[in-house]
Amino acid sequence: MSNLEQEILRHERRWTAGVIIAVAVILGAVLYAAFALHVNPPSNIETIDPKTLHLSAEFTESNLGTRVEAGGQVTTRIVTAQFAFNPQCIVVPANEPVTLRLASPDVIHGILVTGTNVNSMVVPGYVSQIRTVFTKTGDLLMPCHEFCGFGHSQMWATVRVVPRENFRPDANGRVACEKS
Amino acid sequence: MREADSENEGPTEAQLNEVMKQVPRGAAVLAGFAVFLLMLGYSFVYFVIFIPRGVVG
Amino acid sequence: MRSLERLTLAHLWVAFAAFAIACFFGVWQMWARSPLPAPFVTPDNYFLAVTEHGVSMAFVLTTFFVMGFGYFTAETALERPLPGKTFGWIGFILGLIGAAMASYAILSGRASVLYTFYPPLTASPYFYLGLVLVIVGSWIWCVLMIVAMAQWKRANPNVPVPLAMFGTVANAIMWLWTTAGVAAEVLFIVLPASLGLIHTIDVGLTRTLFSWTLHPIVYFWLFPAYIAFYTMAPKAAGGRLYSDLMGRLSFVLFILYSLPVGFHHLFMDPQEPAGFKFLQMFLTLLVTVPTLLTIFTITASFEIAGRLRGGRGLFGWIPALPWERPMVLATGLSFVMLFFGGGGGLVNMGYGLNAMVHNTSWVTAHFHLIFGGAVVVMYFAIAYEIWPRLVGHEPSSSMPQRIQLWLWFLGMMTMSLPWHWLGLQGQWRRVAQFDYSNPIIAAWGPWVVVSLIGGLLLLASALLFVWNLLFLYRKPEAARLPFRFALPVHPVTHVPASLNGFGLWNVLVAFLMLAAFGWPIAQAFVIEAPHAVVHRVDRGG
Amino acid sequence: MPSFTASIGEVSAMTQPPISEEGQDGRFATRAVVTVIAIVVIAGLLGFVLIPIAQGQSAGLSAFQAICRSLGIQPGSPAFRQPSSATVAQPVSMVAWTPEVIERLHRPNEENGSDIAANICVSCHIESGAAYDPKIPHMEGQSAFAIYKQLHDFKNGARVNELMATIVQNLDDDQMADVAAHFAVLTKGALDPRTISSGDPDIVRLVEFGNSARGLPSCASCHGVHAGGPIETPTLSGQRKDYLATQLQAFAKGERHNDIYTRMRSIAAKLRDDEIEKLAEYYSAQLLFRPQD
């Protein structure tokens, strides 16, 4: 084997080492998010039957929307159905952990909330769950971001982030958007 | 255009050995710089956009 | 030898016809989404168009191009007649019938479920049967490629397989692994539902199975571009390939790390466990390695060419390169688009940052840059490069080719760079119309118009491409020269045996797939995930 | 990867014959195998063990729980406790689309269906019937799923109508499916609003496009033939105008509320009265048939 070929291999190895360093830096960023910030994907292997979703207690119509549960935990339950969110406007408090729980009675949907890292698919058969803290107050757009049928383009909802002092649960702990 | 570099007109061994004294210095700097820019762009998106948008878990 | 030209041309023309049609649909979709008033916009028409665009581009253009290019490579790189051309024609006809069936179903409004299916939405059986036929046709191609290499190896013991063929067979083997997921989904779940044999579907399982296919399918499309980088571009530039070994290693790494990574399409799905998402994210990160190795090796090959042509200094070799040659120009443009597309991909790759951009225009921008940009521009260059051999004529000028490549590049950048920005703002995908009266959305309007202009440039480029192939190759040539691939700096005399075949890599892929997909698939049966009711999308019915 | 290239170098350096011999290649192959296994082990250790345990600690989860969650054996994120939920179900409809019901609707007892229809339904639902009234809906060509759901809802009181409640009280699920399927195939056709060209352009827009600003999906996205919407969606074409208008108003006011997840209530409430009138007129005027599968 000639020296030149050894030379080429040496350069390639050096480049590979550089590539590994670049990959390690990105892996470091990913691990920082996981270990220090506790970032997780919205994996929540919790099954629920879409065919009887409307018969369930948690996702019964009257239980949808934001509720302050025992222990002060704020949970918002949303059903994504063809072709509307239920409810179509949700209220959440700013600067406080909020857990979104979503389920679909029909087909695949998905949500994002503009300007935040809230993003999840909603797959019929499973409860999607996302926990986050909203920091900016105001109305945010929450569209259905996955093709769910011909009405997909018109399927969106509003997330109303209000300051803590304006977040006033009723006797049952529920908070809903005021009719405008 | 293939006539131009048909078999007979390929580089000679001597020419090749000559340029191989330089190669891959330029390529390494160029590609290295590109990877550096890539990391810079990634860091920008990570720290300036991703982190301020809040943790999801 | 004429039979090879016929077989290759038949495949490539089907590919490019589908490509040209899909470009029209693509531009119209962007127009429909823009603030400008567009004709024919109804949800029916829009999703029909998205489905046709996706199927034509992702299934027809790619599969037929890969097959045609593979047949061409097998015969020219191995320098012996391709065995079983009759089977190649059978595969071609099966694929053609399949593509026609699927297109019929889509264009008659019976399959507006997009090319990624989205069960429990369920289209006409013609749609799924058509796609199955395309896949079966491609399986015949895979077998022919593997047989061609095996026969050559028997006839040439102890000689390394030519790199172009090694890459082609790597793609064939990867494709066999790749299609297993979608084949299982279609044959066992979606097609029975479409035929009315079952009324409910385990949606999570269909998504897991589809994700098995969804990432390596992209590398199936990408392989011809990488084969061209390694075996055509260095020669077109007038130099040598810097390292043949790196080519082999990259191809093998593509087989290994493009398969067990499909969950990065499902990072935001509720049914895949977080640990498995992490595992596949880790492996996804490693897919960057073969690409970065390739970037370096090809840049170094170009440096050789530039210096041989008199380039001096650290970067003097760059202007010295023969940029007027389509293959050289396309490789350069491809690398620029790969840079931006790859950067976007790095963001998609981690599940943290993915949450910021999942199902937004950012993702659309990413894969249009990588596939529509970096890969398709190489499809153009490959066609230009092998066309003289196929039709027996040289092009009368390379100017229209260069204009076409530049138009494509400028169009792709103009279209997709705004999409990154819009995606970060939350502009979501697969929407027929936006409500521009909403203040958040109104701010997106101008950028959507800019990207539409990019789309128009792309359409112009696509039409010029077809024109070039039809009318530019008129300069008579006395005899068809044998097609030659690039030589490495030094003749390949020795290669580790495991890089001269695929036995070891198949075993490792099996191990990786078991680790990455074993439990997530088994989970669907263990936890007995509830099924969803089939929703029929069959407007033509 | 570095070990791949490193060992290639070694193999190449040692190689005399063109393809390296077994012993030399074995070294490269072993390195490749070890590298791949090591990658999976490291990724697995991080993803299934270290990250979930670290995250679970601050959420007060045991290491076992955290690992189970990362594996998907237990529901939830390793980073926080699952929220509790204390509430009772208050369903608006008791219909569940089980495979058995769907199968029955596809393969009904036809004789049974036509008997029930002839004995009970025709007097009101057929124009020549004795007790015919234009406020009563057409049933011929209606979706079997839609009829079944409404019968079921009448029986359970989810949809309030005293007369219908009395009539369906004696029908069991199979009988309801049979009679629903009977009406569905009667005309062998549904009506397609797209085949008519006349009509108020604003109303046609609502039917075909919907209105994104108002969050109104197009009517056709659910009510079109095989549009992929909810399977209990009724066909509207050719339906009686009075019936359509009354029902839309009832949905808008919440008097009728058996639409699962307010699919119709939320839409009807956003429609103006004149839109309701015109939509009812539009759909009632669609007279062209379109064969159904």
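1. Across the interface of chain A and chain C, 18 residue pairs are in polar contact, both residues being at pLDDT 80 or more. A polar contact is a pair of N or O atoms within 3.5 Å; within protein, one must be able to donate a hydrogen and the other to accept it, and residues adjacent in sequence count only if both atoms are side-chain atoms.

2. Before we go on, a word on the basis: this is a predicted model, in which local features need pLDDT of at least 70 and side-chain atom pairs count only at pLDDT 80 or more, while totals for chains, interfaces and linings use all residues. Residues are numbered from 1 along each chain as its sequence is written, chains are lettered from A and ligands numbered from 1 in the order in which they are written, and side-chain values use heavy atoms, with hydrogens and water left out.

3. The contact (heavy atoms within 4.5 Å) takes 58 residues from chain A and 72 residues from chain C. In chain A, Glu12(A), Phe147(A) and Phe150(A) lose the most area to chain C, together 14% of what that side buries. Buried area here is the accessible area (1.4 Å probe) that two parts lose on being put together, summed over both.

4. Look also for the salt bridge, as the count between chain A and chain C is 1. Glu146(A) forms it with Arg430(C), and their closest N and O atoms are 2.4 Å apart. The rule asks for a side-chain nitrogen of Lys or Arg within 4 Å of a carboxyl oxygen of Asp or Glu.

5. Now to chain D: is His182(D) buried or exposed? This residue lies in helix H8 (residues 173–184) of chain D. His182(D) counts as buried because its relative accessibility is 18%; buried means under 20% relative accessible area, exposed over 50%, partly exposed in between (1.4 Å probe, protein chains only). Leaving aside neighbours within four places in sequence, His182(D) is in contact with Gly113(D), Ser114(D) and Ala117(D).

Definitions and conventions
Helices (H or I, at least four residues) and strands (E, at least two) are DSSP runs, numbered from the N terminus.
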